[in-house]
Structure formats: structure tokens, C-alpha cells
Amino acid sequence: MIKFLDLKSINIQHKKEIEKAFMRVYESGWYIHGKEFANFEKEFANYCGSKEAIGVANGLEALTLIFRAYIELGKIKRGDEVLVPANTYIASILAIVNNELTPVLIEPHIKSFNIDDTKKFNNKISNKTKAIMPVHLYGQVTNMQVINQLAKEHKLLIVEDAAQAHGAYYDNKRTGNLGDAAGFSFYPGKNLGALGDGGAITTNDLVLAKTIRALSNYGSEKKYHNSIKGINSRLDEIQAAFLSVKLKDLDNDIIIRRKIAKRYSDEINNPLIQTPFWNHKINSHVFHLYVIRCKKRDELKEHLFQNGVETVIHYPIPPHKQKAFKEWNTLNLPVTEKIHNEVLSLPIGAHLTEKEIGTIINLINKFN
């Protein structure tokens, strides 16, 4: 079986450095908010080009804390609206509703899977709309020219969901430095993945960063002094140490992913298959996932599985069709629904051999 993802083989290449990092933390006797944590925050901020990076427990809490901080600072109030792609992973939506804010679902562009079509925002913006969340889905940056124009015109905050787009560029700036704040996930399967859960927030707003740091640590800026009602959401020392090791190799991993993606795009030749949109001139896509579309998606998935290739659907059910949001179940979002009915993610990453990539391409080209 050609695995969709092989975390063991991906992480084994860092074995010696990870073992050193583990022993360094273990022998230090300091396991929360220590030197490794502070070091990774600086490294990740420098990598993204932002002034601040705040390590937190996971990607969902990264996004949740951004909105929570804006509420504390009075820039957003509960009940305000946030524009968000209708086809995103549910975490984007949960970060909004968990702060008692209102998601306004925007249909994505059928090719890019991102909200980069100005027509889709028509009649969606009201006097309650205070923020927009571009989701750089599958690793491709949203057209930030459109987002920035919209934000400027309507005085909206821009909160990037960059959970799948570590290292992607737009106009010579990386994700995490394209809006007012950004949330990242270090879930093990991400391009920059921990050996457990983890997340981070990046921003150039020092007041926002200070507020988020307090919120993520029980609302405390000074130990046992709690100025606001916070939560416990901290990136621990050992994951920070592991992430510092892997961050050094992230750009090389992106090169490998782009190479595989280019081969898929160049060599898959089947009228039933739509390969992903990729603007080579911008070269922004980091291919956390290589996602094709096929009207006979389920049959294609079974065809590949029966021939020894594991694939995954990202994602089978859109947020507005989930039981958790039954109040949205009757919404008509045809582009989003078409995407969720047709997408299939192919294996991509350093764990694949050239022969395996060729096998996948040949099997897809033979599908009918």
C-alpha cells in the first residue's frame, strides 16, 4: 500500500536532532514556557516576517484566541459578523462561533478553492461585519489583493487561517504576515508538524500579542495576577523544541512537495480528472495537500485503494451540512457542495518514491 501520509518516515530523517532536543528539554527540568518555547517563537516570527509569534496548544485555539483578544480590546463585539469561506474545515467556523460571533459563509472560487472572487461578497457585508477570515486552503494563498481591497473599503480586520499554508508567499510576504493576525496549526500531518498538537499566532500588533499572551495563560501577565478571564493554551517546551528542528527543513520540504505536484499536474491526463489550479508565476502554493476533482470521486477512490494507493477526502461534508450546524442544513451553496462532492487528496510528501508517484499517475490515467 502506498500510504497517503507516513509520519514515521517523515520524522525519522530528523531522528538525531529530535533526540538531542528531547534530552535538552528533559535534562533542563523546565517543561512549560522555557527557553525552547521562547526560541521557537522568535524563529517562527522571523520565518513568517512578523513582529510577534505566540505559541499555543493547537490551531483551533490560535484562531479562537485572536477573536477573543479583539473582543477584549473592543475592536469586535459579540454578535458581530465574520466573512469566512463556506468550504473550509470546521475549525475556522468554530473559532468564530465559540466567541459568539456570526459566521457569514462565502462561496469559494471553483478552481482555487479560496474566496478570491469579489462577486461572491455581494450582499454579504452589513454594518455588523467586522472581520474577514481568508483560509489558505490546502496550502495555496488566497488572492490577498482582493481581500485587502475589501478590508480597506469596509474597515475589516483580516484574520488569516494559515493552518495549511506554512511558508507560502504572496507578493514576497509569507502567510502569517498578510493581515492583522494569523493562526497556524502544528498538527502532526501539517507541512510543519509537531509530534503532538500545537499552534501559533503571528501578528505585527504588539498590543494584540500582549493580550493573546495573557489570554492563553489564564488571563495572566504576571504569575498569580489575572487581569482578564483567560484559558490554558500553551505550546509546551518539548513540542517547541521539535518544531525548531523541523522548521530548519521546511523550505526543502516545500520544494519536494512542489516537485511532486508539478509532476502530477504535468502527467495526469484523464478527462475525468481536474487537477488543482496553480499559478506558477506566483509560486505561492506549498501543497499541504494535492487535491484533484472528479465527478466519480468515490469510484476513483475505490479504484486507487484496490490497486494499493491510499487517498483521503478533504472534506466529505461542508460545515453547513454538518449536524453541529443544523440551522444551516437547508442553505443552498452549490459551489461549496460541488467541491465537497468531488475532491480527493492524493499522497504527497517526502515519503514518496519516484516509482510510487509514477504508479499513482498511471492508475489515475487508466481510470474510466
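This is a predicted model: local features need pLDDT of at least 70, side-chain atom pairs count only at pLDDT 80 or more; totals for chains, interfaces and linings use all residues.
Q: Let's start with helix packing. At what angle do α4 and α5 pack, and how far apart are their axes?
A: Happy to begin there. Helix α4 spans residues 59-72 and helix α5 spans residues 90-97. They pack at an angle of about 30 degrees, with axes 8 Å apart. Angles under 35 degrees count as roughly parallel, so that is how α4 and α5 are described relative to each other. The crossing of α4 past α5 is right-handed.

Q: Which residues in α4 and α5 meet?
A: From α4 come L60, L63, T64 and F67, and from α5 come A91, S92, L94, A95 and I96. Sorted by class, this contact holds seven nonpolar and two polar residues, with no charged ones.

Q: Now burial. Which residues of helix α11 are buried?
A: In α11, residues 334-342, the buried ones are T336, I339, H340 and E342.

Q: On to salt bridges. How many does a search of the whole structure find?
A: The general idea is that side chains of opposite charge can pair when their charged atoms come close. Here the search of the whole structure gives 16 salt bridges.

Q: What is the distance between the closest N and O atoms of D80 and K77, and is each residue buried or exposed?
A: The closest N and O atoms of this salt bridge are 3.5 Å apart. D80 has 3% relative accessibility and counts as buried, whereas K77 is exposed at 52%.

Q: Where do D253 and R257 lie?
A: D253 and R257 are both in helix α9 (residues 250-267), four residues apart, or about one turn. Their side chains meet in a salt bridge of 2.9 Å, N to O. D253 is buried, with a relative accessible area of 12%, and R257 is buried too, at 3%.

Q: How many residues apart are R263 and E267 in helix α9?
A: They are four residues apart in α9, which puts about one helical turn between them. R263 and E267 form a salt bridge whose closest N and O atoms are 3.0 Å apart. E267 is partly exposed, with a relative accessible area of 36%. Elsewhere, salt bridges that share partners link E41, E52 and R213 in one network.

Definitions and conventions
Residues are numbered from 1 along each chain as its sequence is written. Side-chain values use heavy atoms; hydrogens and water are left out. Axes are lines fitted to C-alpha atoms, for helices over the stretch in contact, and angles run from 0 to 180 degrees between N-to-C directions. Helices (H or I, at least four residues) and strands (E, at least two) are DSSP runs, numbered from the N terminus. Angles under 35 degrees count as roughly parallel, over 145 as roughly antiparallel, 65 to 115 as roughly perpendicular and the rest as oblique. A crossing is left-handed if the near helix is turned anticlockwise from the far one by less than a right angle, and right-handed if clockwise. Contact means heavy atoms within 4.5 Å. Ala, Val, Leu, Ile, Met, Phe, Trp, Tyr, Cys and Pro count as nonpolar, Asp, Glu, Lys and Arg as charged, and the others, Gly among them, as polar. Buried means under 20% relative accessible area, exposed over 50%, partly exposed in between (1.4 Å probe, protein chains only). A salt bridge is a side-chain nitrogen of Lys or Arg within 4 Å of a carboxyl oxygen of Asp or Glu.
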